[in-house]
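Okay, thanks for coming, everyone.

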Amino acid sequence: MKEKTHDMTDDFGVNDHIVICNWSHKAELLIKQLHDPSLEKRSPIIIITETPDLVPDFDADDTFRGIMIVKGNPTHEETLFRAGIDSAKTVIILSDRSQGEYRSSDTKTIMTAIAIDHIVPNVHVVAEVLLSENVPYFNYTFVNEIICLELLTERLLAQSCLTPGVSFIFKDLLTQSSDTNEIYVEPIPSKYVGKTYQELRSDICNTEEMDIILIGLSTFTERRNSAGEKILNFKGDSIIEKSLIINPKIPLSNKEVYSREYILQAKDKVFVIAYSRPDLEKILVKSKIV
């Protein structure tokens, strides 16, 4: 298959940036979290919107400095290229409430996801979905994370009933500030490559350099369908995605691939809870644990 080429370039010449598709009041709140002063590094943000006049004037607020806007429809490949979609690290598709009905908004989100898949199927895509009944349709896309507020609300209400106070924990973890805990994704310290998850877990628990809680790991795997067959992208290549394992279990059989005894690989990442981004390499060496 001949690889599709294009002569379109992005408007800003940035890379490793975040693309936000569609403008809504949520986008403003989202940007404040992504550019919170507690973050050591701010990623460039490009907003794709058909109504740039609705985007507030951010000149007076340093939080929004460097925000770039591409006018256009994110379902169109030309618009996506102008936003540098092929060099972005993350794409967030917000629901376009201007479509009127929730079903129409979700349809546009699906069309945007398909357009992104056709250009760069391996970019990390997070999509907001309004109706839970539309979630299954995203199985035909390469979207990595689906945020359906309808489902999240139902589950959070149920968990708050079963475990009173759990909503405060989620609020703390989902708020980016220097006074709250956040979840960070960190590389495997070099001296732990080839060791087990349990060895790293034990040493992190024993460190006194920083308040850290290890909660899980992620590794890269080939995406497969229900029959175990590889899923290929439009170019015929395997789709590589992250597998997330929260609190790996004690191994009860040899069939458990991701247990506490899982051997950590250089490409893997770990998920930790901390007040600020930890440098595990330095922390564990300084504690003389390694």
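Predicted model: local features only at pLDDT ≥ 70, side-chain atom pairs only at ≥ 80, totals over all residues.

Strand β8, residues 213-222, and strand β10, residues 269-274, run antiparallel to each other over 5 bridges. Zoom out a bit and you get an open sheet of 4 strands, antiparallel, in the order β7-β10-β8-β9. So which strands stand at the edges? Those are β7 (182-187) and β9 (240-246); each has a single partner strand, so one side of each has no neighbour in the sheet. On average, neighbouring strands here are turned by 30° against each other, if you ignore direction. And lying across β8 and β10 you'll see helix α6, residues 197-206, which runs at about 155° to β8.

Now for the other sheet. This one is also open, but it has 6 strands and parallel pairing, and the order goes β3-β2-β1-β4-β5-β6. The edge places go to β3 (68-71) and β6 (145-148), and again each has just a single partner strand, so one side is left without a neighbour. For a close-up, take β1 (residues 18-21) and β2 (residues 45-49), which pair in the parallel sense over 4 bridges. There, I18 stands opposite I45. This sheet has a helix across it too: α4, residues 149-162, lies over β5 (124-129) and β6, at about 70° to β6.

On to the side chains. How many disulfides does a search of the whole structure find? The count is 0. Take C148: the closest cysteine sulfur is in C21, 18 Å away, so that's too far for a bond. C148 is buried, by the way, at 3% relative accessibility, while C205 is exposed, with 57% relative accessible area.

Last stop, the rings. There is 1 aromatic pair in the structure. It's formed by Y258 and Y262, and it's tilted, with 5.3 Å centre to centre and 55° between the planes.

Definitions and conventions:
Residues numbered from 1 in each chain as written. Heavy atoms only, no water. Phe/Tyr/Trp six-rings, centres within 6.5 Å; stacked < 30°, edge-to-face > 60°. Pairing = 2+ DSSP bridges. Helix = DSSP H or I, 4+ residues; strand = E, 2+ residues; numbered from the N terminus. Contact = heavy atoms within 4.5 Å. Axes fitted to C-alpha atoms, helices over the stretch in contact; angles between N-to-C directions. Disulfide = S-S within 2.5 Å. Buried < 20%, exposed > 50% of the residue type's maximum accessible area, 1.4 Å probe, protein only.
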